Amino acid sequence: MLSLLRAELAKLVRPLVWGSGLAISGFCLLITSGGANNARSALASPKIPSVCDASVTAQCRHVIAAAHASARAAALATSSLAQPGEIGHVVAGMLASVPGLLLIVLIAGGHWGGEWGLRTIRQLLSREGRRSRVLTAKWLTIWSAGVATMLCCWLVLLIAAPLIAASVGLPSAHAALWAGLASSVSAIGRAVLVLGLFAAVATAAGTIARGQLATTAITAGAMLLALLLAGIASIGRLSPASFVQAWMNFGASGYLPTNFWSRFVASGQQLGQVAGLTGIAATAVIAALIARWRFAADVSV
Amino acid sequence: MNVISCASLTKRFGSTVAVDGLDLEVAAGQVYGFLGPNGAGKTTTIRMLLGLITPTEGRIELLGRRLPDPRAVARTGSMIEEPAFYPWLTGRRNLEVAAATGGGRDPAEVGRVLGLAGLTDVAARKVNAYSQGMRQRLGIAAAMLGRPPLLILDEPTNGLDPSGIREIRGLLGDLTADGSTVFLSSHLLAEVEQVCDRVAVVVRGRLVDEGAPATLGAIRRRVKVGVDPADAGAARRLLSRWPVQEMNGEFLVEHDNGRDVNGVLAAGGVIAERVTVEQPRLEDRFLEITTREDAHAVIAES
């Protein structure tokens with residue numbers, strides 16, 4: 001099994017994986033930069049109602065002071081989030097939500113669906129006929145590519161985010177540089193599990209689609225459908241997207257977004273973290289059963 | 001000992017019968033040719049041997065193990081149709097990946113098969129820069145990884161130039177000298193005739209003939225006789241004891257001994273101008289068999 005894993009990891013050394021990883025890291029950088037700039041702009045010109053533009057009434061003075069205080073609080077929160085100790089929340093949120101899903105979709109399409117497109121699946125199976133091992137190796141390597149990308153993003157933002165926050169002129173966070181690291185690590189750990197779920201869905205999709213584009217489409221389609229279902233009040237709680245939401249405990253984002261997921265899940269759908277974990281595990285098991293069943297079929301490419 | 005043994009092997013795709021009750025025995029140490037026209041079920045059979053598709057009925061034993069058994073398949077080197085590789089990896093890396101997939105750990109093995117396939121100089125190039133012939137060689141190199149006791153090769157000489165074909169022919173000979181068995185499907189009948197110890201012919205999914213290449217089909221050695229046109233009538237009468245055809249003023253006698261034919265003509269007072277024994281090529285035998293089977297099928301269908 002270790003030898004098979006080594007072979008599968010060697011196949012991941014390809015432009016598609018580097019490119020996807022770079023794109024996600026670049027996206028995280030852009031989000032951080034955009035969030036910091038928005039917070040700085042809001043701090044420079046807080047949202048003040050137009051009726052108070054030229055007014056010097058006590059009420060307006062109070063509103064203006066509150067707007068300045070709110071903008072300063074938001075800027076400080078953004079600045080804190082951009083510190084090395086906290087930035088893990090942003091990384092975990094990105095990779096455990098739509099950007100991470102897109103990464104897994106791309107990698108799974110090339111790494112798993114591509115085995116059919118290139119017709120290398122027949123060589124693969126004629127060397128390792130234990131199909132459950134092949135499935136496991138594919139799942140683990142897709143997952144590991146996602147985790148490796150997340151760690152790269154984290155490393156990039158550990159260095160870049162504080163610099164970005166300082167360069168745009170956000171007020172310096174009062175907390176220590178590494179404050180909140182334990183919480184960040186916890187979020188990263190939870191995101192690792194979500195990436196495992198995305199990889200399991202992608203692995204199952206590959207056995208149904210048997211092609212690069214189709215694997216990409218089915219994985220993305222399945223998870224986007226889960227997000228759509230999560231937005232429906234009556235059944236949303238049973239959607240895998242709600243399980244992810246509950247497990248990650250995504251909250252509302254400030255200027256620096258911490259996920260691209262919670263806005264799709266209907267409010268009132270919040271499950272507990274244990275229920276979220278159970279749902280994620282159940283979804284992964286269902287994906288594994290589908291993959292095993294579909295992969296037992298004839299390979300005739 | 002048989003390394004491949006199939007009994008009543010059948011594969012249906014819906015109402016289409018791709019392989020129909022195939023019985024096959026391949027003894028160890030042979031180069032075994034597997035022939036048939038397009039759509040005869042050769043590749044389907046090979047896929048069943050490699051565990052890629054499941055037979056609808058029947059039994060397969062590979063290297064003494066009854067399929068499905070991944071251990072037997074893992075000990076078989078194979079190349080199915082056009083070999084496929086990961087184009088972003090080099091030739092050497094592709095072989096390393098293939099070796100690791102099969103659990104191989106000997107780093108020298110990749111170098112050995114690269115050398116055998118004549119690819120050492122281009123091993124560091126990415127496969128997407130390889131020519132068709134180089135890919136074919138790389139496919140054969142991959143099949144030889146780990147010195148498997150059985151090689152199953154589907155059209156191994158596709159895309160190779162004449163010198164490449166000759167090299168592969170030599171390579172197959174070396175492999176059997178090492179004790180490996182080669183199960184070979186090819187359209188190059190002249191090659192099959194030269195390298196194969198035994199040949200099976202499948203038509204419409206059924207095994208229609210099997211044996212040494214020289215014994216296949218109904219066509220046997222024929223004696224071609226040329227006589228003076230004035231003696232043609234007498235020759236026709238004398239040779240009628242055998243099936244005989246006249247073609248361009250010559251007689252084609254379905255008999256394998258020229259001396260017998262000449263003796264009969266001489267006893268009857270006819271002096272033959274030319275007597276030559278014709279050895280039919282595998283191609284002739286193959287065409288005779290497949291045409292006959294097609295005719296049978298048409299009659300059966302009508």
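Two salt bridges run between chain A and chain B. One of them joins B:K11 to A:D298, with the closest N and O atoms 2.6 Å apart. All of this is read from a predicted model. The model scores ipTM 0.85 and pTM 0.84. Chain B averages a pLDDT of 86, and 96% of its residues score at least 70.

## Where the chains meet

Start with the contacts. On one side stand 28 residues of chain A, and they touch 34 residues of chain B. The area buried between the two chains is about 2500 Å². Carbon and sulfur atoms give 54% of that area.

Two elements of chain A give two or more residues to the side that touches chain B: α1 (2-11) and α6 (121-127).

## Charged pairs

Side chains of opposite charge can pair when their charged atoms come close. Over all chains, the count comes to 18 salt bridges. Four of them are listed here.

| Salt bridge | N to O distance |
|---|---|
| A:K11 and A:E115 | 2.9 Å |
| B:E81 and B:R47 | 3.4 Å |
| B:R65 and B:D69 | 3.6 Å |

Take A:K11 and A:E115, whose side chains meet in a salt bridge. The pair links distant parts of chain A: A:K11 is in helix α1 and A:E115 in helix α5, 104 residues apart. Are these two residues buried or exposed? Both are buried.

Now turn to chain B, where B:E81 forms a salt bridge with B:R47. B:E81 lies in the loop between β6 (76-79) and α3 (91-101), and B:R47 lies in helix α1 (residues 42-49), so the pair ties together parts that are 34 residues apart in sequence. B:E81 has 28% relative accessibility, so it counts as partly exposed. B:R47 is buried, with a relative accessible area of 6%.

B:R65 and B:D69 make another pair in chain B. B:R65 counts as partly exposed because its relative accessibility is 31%. B:D69, at 11%, counts as buried.

Some salt bridges share partners. In chain A, such bridges join A:E8, A:K11, A:E115 and A:K138 into one network.

## A closer look at A:E115

A:E115 sits in helix α5 (residues 98-117) of chain A. Why does A:E115 count as buried? Because its relative accessibility is 2%, and buried means under 20%.

Which residues surround A:E115, leaving aside its neighbours within four places in sequence? In chain A they are A:E8, A:K11, A:G110, A:T120, A:I121, A:L124 and A:K138. From chain B comes B:Y86. A:E8, A:K11 and A:K138 belong to the salt-bridge network with A:E115.

## A loop residue in chain B

B:N158 lies in the loop between β7 (150-154) and α6 (162-177) of chain B. B:N158 is partly exposed, with a relative accessible area of 37%. Leaving aside neighbours within four places in sequence, B:N158 is in contact with B:Q132 and B:Q136.

## Nonpolar cores

In soluble globular proteins, nonpolar side chains tend to be buried together. Here the largest nonpolar core holds 113 residues. Its members A:L95, A:M248, A:W261, B:I4 and B:F183 touch the most other members. Helix α7 (residues 131-168) of chain A gives the most to this core, with 16 residues.

What does A:M248 touch, not counting residues up to four places away in sequence? Its contacts are A:A92, A:A96, A:A187, A:R190, A:A191 and A:V194.

Key
Residues are numbered from 1 along each chain as its sequence is written. Chains are lettered from A and ligands numbered from 1 in the order in which they are written. This is a predicted model: local features need pLDDT of at least 70, side-chain atom pairs count only at pLDDT 80 or more; totals for chains, interfaces and linings use all residues. Side-chain values use heavy atoms; hydrogens and water are left out. A nonpolar core is a set of buried Ala, Val, Leu, Ile, Met, Phe, Trp, Tyr and Cys residues joined through side-chain atoms within 4.5 Å. Buried means under 20% relative accessible area, exposed over 50%, partly exposed in between (1.4 Å probe, protein chains only). Helices (H or I, at least four residues) and strands (E, at least two) are DSSP runs, numbered from the N terminus. Contact means heavy atoms within 4.5 Å. pLDDT is the predictor's confidence in each residue, from 0 to 100. Buried area is the accessible area (1.4 Å probe) that two parts lose on being put together, summed over both. A salt bridge is a side-chain nitrogen of Lys or Arg within 4 Å of a carboxyl oxygen of Asp or Glu.
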